Amino acid sequence: MSAITLKVNGSPHVLDVDPATPLLYVLSDDLALEGPKFGCGLGQCGACTVIVKGQAIRSCITPVESVAGADITTLEGLGTVDKPHPIQRAFIEEQAAQCGFCLNAVILTAKAFLDRNPKASPEEIRQALSNVLCRCFTHVRMLRAIERYQQELPR
Amino acid sequence: MTPRAGFSRRNFLKTSGALIVTVALDGAAEAQFGIAPIAGSPSTRQLDSWIAIAADGSVTAYTGKEELGQGISTAQTQLVAEELCVPIERVKLIYCDTALTPDQSYTSGSQSHPANFNHNNLAQAGATARQTLLRLASERLGIPIEQLTAKDGVIRAQSGAPKQVTYGELIGGHKFNLALDPQARRKPPAEWTILGKPVPQRDLPAIVTGQFEFVHNVRLPRMLHGRVVRPPAVGSTVISVDESSIRGLPGVVKVVVRKNFVGVVAEKPWQALQAASKLKVAWTPGTGLPGHADFYEWLRKQPARDTLMVDSQDIDSKLAQAATVLRATYHYPYQMHGSMGSSCAVADVASDRATLWSATQGVWYQKTTSALLLGLKPENVRVIFRRGSGCYGLNGADTVTYDAALLSQAVGKPVRVQLTRKDEMAWENYGNAFVIDLRAGLDTQGNIIAWDHQAWSASYGNRPGAAMPGNVITGLLAGFEPDAFTPRPAVAPRAYNNNSNAIPSYLAGSVGGKAGGTGTVRSERVLVHTVQSPFWTGPLRSPARLQNTFAHESFMDELAAHAKADPVEFRLRHLSHERLRAVVEAAAKAANWDRRPSPQSGSSQTGTAVGRGIACVAYEGENGYSAVVAEVEVHPDSGQIAVKRLVCAADCGPISNPDGLRNQIEGGALQGMSRALLEEVTWDDQKVTSFDWRTYRTLPLGFDVPKIETVLLNRPDEAATGAGELSITVVAAAIGNAVFDATGARLRQVPFTPERVKAALNLRS
């Protein structure tokens, strides 16, 4: 165990954890965040995605020590029910969910990608989502919501 | 929206108004699922079991049909708001808590709309409540009921007289103390202002912002974390567990062994995972598995439990008279639910009682079977549903609830368990594998005169029902047996029942002198052989219905091609059911269907080929009507199929929420496509080898998604049917038929892998 400082959604936290612990466990169990989710624990599905330094990363396979001190954004860090982030609003407007368990993966992966590549083509967006899974297969609506968000981005 | 786990029932009762808990004596659930109501839940016959009105006029509705991602919570909230004439925001829906909600058996089988949106249960409770409020208002205001109108929770004189009274003033905080009135008038669809509209999903804003409490997010004071250690091979049993192997690891609280069930409890999930992976357990070798490569041949040779669905007893003589007899065999693999989130549950088990938070589809049976497992009285077990990751049937939700319960009982504290990806996938109850042999005879005009269906499928375990915890892995490991398998010969069919869609849509379906089917073919036999599966099996979205329909609709296409008939025209020629014909025609029209026989003439032997195919079904014989047209490109060099367009027509009676319905149809179409193109459980001689997303493939979000169009046939005067399994049931056949149209190559085995496509292309004459 050792003291590690994490900066999550703008707030610093000092935690006494095994430095090899995957970030997801720290976010879920020590910080009680509900956005990042355990889907596979293998980095294969995306349910655990968080944004670190503008990149979507898979927190289930990221040792917590490797992101000490970095700015970490989770789904709850984007917006709230009363004031959703534009990409969250796009998903509500398109009704782009069924069970909703994968939304964390889809929203954060798409956001991180489009914020860096606002002019991405549909093909490039698809490529960015090639390792994100949704087993309800709400693909059509999710791609529409992502496109809606892209159209709102400054170019 | 349901209260969070920390919410106490006492507070709950204070805020939600009246509640009555009595023993359910009626048979509503029994009629749907064949299991008698479980004692202790509110009676489905009492209005107070369904509806409570608080002093502020807010409405709390209780239902035994839960949200699984299919949109039923929003639709049920619309239903209550509609019948009670209140804005939807004023209705809170509580679903599936054995202490609070009426026992409506499982939420499964496309039964939620039939159960709650026709003249019964939740819908009739709403109608009864509105009628009662109008009567009370009439008494209070001294105005005849027929001169009153209810709007926004206020009852007023239609004349515009200033007299009015609110629901809160009439009954707020008090019980109705009334039985459901079967004569209470439901609002007809023509009067709907909330039902029938595309109302947004109620929980979505909380989900997209990470504020929604899934079962995975339930946290209790003093809660510990468990992990299970599953056997290394099918049939392995515990020889010994070396607890010293994890001594000294941080956070470990206890190693729990019960017969062949092994688990570890620790203070934190990561500690539990580490400990479970390091715990030394000696297991016996597995009992061995039949070979994967020749599994379908193995299936045919096992002792079987036989069922005759229809038998006109003239099938062989009619086939002998036919101008042409066609035969084909179709193969369908085991497939898995593969939920995005591995299954999770939280249990709080004390010496004499237990509370379980579970994503099970059957809280009442989770209650009775967990009681058996824990040695508790069922009345002392409460099961509270919390949403999980989409399940699509019997995923790991039931078994992980047993895991959490056993571990919590062993440590006397609340325990949360989430399965690893491998524990979820290697031990879930898979969708059944099928071999289906079909024969049909055509007359000289190309009309079908006889159809013979013979199928083999494998089954082991199932939903636990009221008393069989051994039907899933944890129950078996802990010492309970699954449903016994007893081979037996078929007896003559007693009644028409096409619940499994074993009877093709084109058959008359005559049993006992009555034709219950949707087709015209009078010489008919459907014989089903069920054998014991080496793996767990259980319902997977459109169970058996999809497998049977894949075979029937592919074979129908083969017959049409042989008769040189257009596939749409050929189907319509053999369908007698107006609603099924209507979806076929609607899908064809929307797709701008090119009427001609398949395969298209001049389909090239090389280069990209393009084609269209159709398939249809009367889901479960009468629980919804569906047709899909698929347009595909086939790349012969790679064997790849690119699905470019899916046009889906659906009729599920009166539409509660057109956007929710479209969402289900779109998702079902793509899930069906993933199952058709990619999905297959594999194994070696000891164990399942599909245990993560590399070894069990699914179409990711980034694949080339086809254009999907939905055509909804609203039938306000018909009964509400199921909707969630309509499109998925027909997609595989529609794609296979489109590939045939493009290339002349017939795909008879799912999944349509590039190797199988190339093999089929090579078989073309």
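This report describes two features of a predicted model: the contact between two domains of chain A and the packing of two helices of chain B.

## Domains of chain A

Chain A is divided into two parts, with domain 1 covering residues 2-77 and domain 2 covering residues 86-152. The C-alpha centres of these two domains of chain A are separated by 21 Å. Across the boundary, 13 residues of domain 1 of chain A are in contact with 13 residues of domain 2 of chain A.

On the side of domain 1 of chain A that touches domain 2 of chain A, strand S3 (49-52) and strand S4 (55-58) each supply at least two residues. The largest share of this side, 3 residues, comes from S3(A). By class, the residues on this side of domain 1 of chain A comprise 7 nonpolar, 5 polar and 1 charged.

## Two packed helices of chain B

A pair of packed helices is described by the angle between their axes and the distance between the axes. In chain B, helix H18 (residues 658-677) packs against helix H19 (residues 726-743) at an angle of about 40 degrees, and their axes are 7 Å apart. H18(B) and H19(B) are therefore oblique to each other. Their crossing is right-handed.

## Residues between the helices

H18(B) contributes B:Ile665, B:Gly668, B:Ala669, B:Gln671, B:Gly672, B:Met673, B:Arg675 and B:Ala676 to the contact. These residues meet B:Leu726, B:Ser727, B:Ile728, B:Val731, B:Ala732 and B:Ile735 of H19(B). The contact of H18(B) with H19(B) contains 9 nonpolar, 4 polar and 1 charged residues.

Notes: Residues are numbered from 1 along each chain as its sequence is written. Chains are lettered from A and ligands numbered from 1 in the order in which they are written. This is a predicted model: local features need pLDDT of at least 70, side-chain atom pairs count only at pLDDT 80 or more; totals for chains, interfaces and linings use all residues. Domain bounds come from an automatic or database domain assignment. Two residues are in contact if their C-beta atoms, placed from the backbone, lie within 7 Å. Helices (H or I, at least four residues) and strands (E, at least two) are DSSP runs, numbered from the N terminus. Ala, Val, Leu, Ile, Met, Phe, Trp, Tyr, Cys and Pro count as nonpolar, Asp, Glu, Lys and Arg as charged, and the others, Gly among them, as polar. Axes are lines fitted to C-alpha atoms, for helices over the stretch in contact, and angles run from 0 to 180 degrees between N-to-C directions. Angles under 35 degrees count as roughly parallel, over 145 as roughly antiparallel, 65 to 115 as roughly perpendicular and the rest as oblique. A crossing is left-handed if the near helix is turned anticlockwise from the far one by less than a right angle, and right-handed if clockwise.
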